[in-house]
Amino acid sequence: MKAVVFREPGTRVAVADVTLAPPKAGEVRVKIAAAGVCHSDLHVKRGEWEAPAPMVMGHEGSGVVLELGEGVTSLAVGDHVVLSWVPPCGECRYCLQGHEARCQKVAQVINAKGSLFDGTSRLSITQADDEGEALHHYLGVSSFAEEVVVPASGAIKVRDDAPLDVIAVVGCAVATGVGAVMNTAAVEPGATVAVIGCGGVGLNVVQGAKLAGAERIIAIDVVPEKTDMAMQFGATDRIDASEGNAVEQLFALIPDGVDYAFDAIGRTVTTEQAIQMLGLGGAAVIVGLPPTGAKASFEPLVLAEADQRILGSNYGSVRPSIDIPALVDRYMDGQLKLDPLISGRRPLDEAAEALDDLASGGVLRTLLIP
């Protein structure tokens with residue numbers, strides 16, 4: 001099959017002929033309908049995160065089940081699925097407690113080793129000069145490909161009438177953004193919310209806050225077009241961060257500070273701003289992921305005296321098998337906007353250009369269509 005291979009930071013990714021081995025016990029093979037291009041992919045390409053290489057890129061996607069590995073009874077050939085980059089093992093203490101986004105085995109094996117649960121890969125290069133070269137999986141998905149083999153718990157069955165290409169974005173951007181509001185922060189009706197960064201994830205934080213019944217939702221970005229879109233997604237106010245200090249502008253709108261501030265970018269400055277925007281009892285939620293080693297600062301005394309919190313949100317604290325189908329249902333029922341998140345569609349062999357588009361800051365989500 002064709003797949004997008006990443007070899008080392010700073011180099012352009014390229015499509016290669018790749019061999020995909022059949023699924024082993026507990027795994028399934030999926031034909032990819034669409035794969036979303038996310039900032040996490042960009043972090044790896046730039047070398048800002050450590051990741052096993054060479055690898056087949058991509059962690060957001062959707063498709064149709066083609067083959068079942070031994071023992072898989074939760075899925076059937078022909079099922080429509082959204083891929084989850086946290087395929088919960090169901091056995092570790094966090095999975096058993098219902099905190100599947102914290103799965104230990106995913107962190108220690110799938111993410112750390114770039115493999116599937118048994119510590120091995122189903123991917124290898126097929127070119128004559130590189131015969132037998134093993135490739136790593138990215139976050140247990142590797143969706144920049146014509147097909148994937150993933151743990152069955154990472155292929156989430158959804159309704160058949162949902163458009164497969166559009167719902168690809170549920171697997172990362174939507175689950176992360178909406179989940180951060182509904183699960184991690186548990187935003188209450190009537191709350192005030194600030195959202196720093198109105199890209200693919202930030203817009204989903206905005207519409208998650210709307211679903212939660214927030215009274216004020218302040219969208220903050222340096223690109224006016226992105227805050228314009230945030231207003232369409234449910235924001236009540238907007239701040240152009242390019243026109244001055246965003247914290248000062250926030251307090252001009254809400255003098256007491258906000259109940260929740262979401263950093264959907266993940267830079268040192270935006271994390272610090274989120275903390276500074278809080279009112280009494282407020283919570284800063286870190287959703288955007290920074291480069292490895294980045295550090296932010298805050299005043300512990302201020303945080304303690306104001307009874308404030310700093311929360312990290314990995315994958316929106318979702319339970320994939322429950323939350324992903326529910327999010328697809330919300331889209332089909334008209335409660336969530338997904339179509340405007342998609343800036344364009346490109347063929348698989350234009351993955352490098354899609355990553356360049358994302359790096360330029362001018363797009364939300366590009367879908368790669370095998």
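Author: The secondary structure of the protein chain comes to 11 helices and 18 strands, in a model that is predicted. A compact globule of 370 residues would have a radius of gyration near 21 Å, and the 20 Å of the protein chain agrees with that. Taken along the principal axes, the box filled by the C-alpha atoms is roughly 65 × 40 × 40 Å. Of the 370 residues, 54% count as buried. The chain exposes about 14,900 Å², and carbon and sulfur atoms supply 50% of this area. Among contacts in the chain with a separation of 6 or more, 70% come from residues 24 or more positions apart.

Now to the sheet itself. It is open and has six strands, in the order β13-β12-β11-β14-β15-β16, with parallel pairing. β13 (237-240) and β16 (309-312) stand at the edges; each has a single partner strand, so one side of each is left without a neighbour in the sheet. From one strand to the next, the twist averages 20°. In general, strands of a sheet pair through backbone hydrogen bonds, either parallel or antiparallel.

Strand β15 (residues 278-286) pairs with β16 in the parallel sense, over four bridges. Valine 285 has leucine 311, in β16, as its bridge partner.

Two helices lie across this sheet. Helix α7 (residues 246-253) lies across β11 (192-196), β12 (216-221), β13, β14 (258-263) and β15. α7 runs at about 155° to β13. Helix α8 (residues 268-276) lies across β11, β14, β15 and β16, and runs at about 155° to β15.

Which residues of α8 are buried? They are Thr270, Thr271, Glu272, Gln273, Ala274 and Ile275. The cover over the buried residues of α8 includes the strands β11, β14, β15 and β16. Helices α7 and α9 (300-305) are also part of that cover.

Other parts of the chain give some context. Strand β17 (residues 342-347) and strand β18 (residues 365-369) run parallel and are joined by five bridges. Arginine 346 stands opposite leucine 368 in β18. Together with helix α11 (residues 351-360), β17 and β18 make a right-handed β-α-β unit.

Alanine 16 lies in strand β2 (residues 14-20). Its relative accessibility is 8%, so alanine 16 counts as buried, the cut-off being under 20%. Lysine 2 is 14 residues from alanine 16 in sequence, while the C-alpha atoms of the two are 5.7 Å apart in space.

Histidine 80 lies in strand β6 (residues 80-83). With 17% relative accessibility, histidine 80 also counts as buried. Leaving aside its neighbours within four places in sequence, histidine 80 is in contact with Gly63 and Val64, and with Ile156, Lys157, Val158, Arg159, Asp160 and Leu164.

Methods
Residues are numbered from 1 along each chain as its sequence is written. This is a predicted model: local features need pLDDT of at least 70, side-chain atom pairs count only at pLDDT 80 or more; totals for chains, interfaces and linings use all residues. Side-chain values use heavy atoms; hydrogens and water are left out. Two strands pair if DSSP finds at least two bridges between them. A crossover is right-handed if, with the strands pointing away from the viewer, the path from the first strand over the helix to the second runs clockwise. Axes are lines fitted to C-alpha atoms, for helices over the stretch in contact, and angles run from 0 to 180 degrees between N-to-C directions. Contact means heavy atoms within 4.5 Å. The radius of gyration is taken over C-alpha atoms; the globule rule is 2.2 Å times the number of residues to the power 0.38. Buried means under 20% relative accessible area, exposed over 50%, partly exposed in between (1.4 Å probe, protein chains only). Accessible areas come from the Shrake-Rupley method with a 1.4 Å probe; for residues, only the protein chains shown count as cover.
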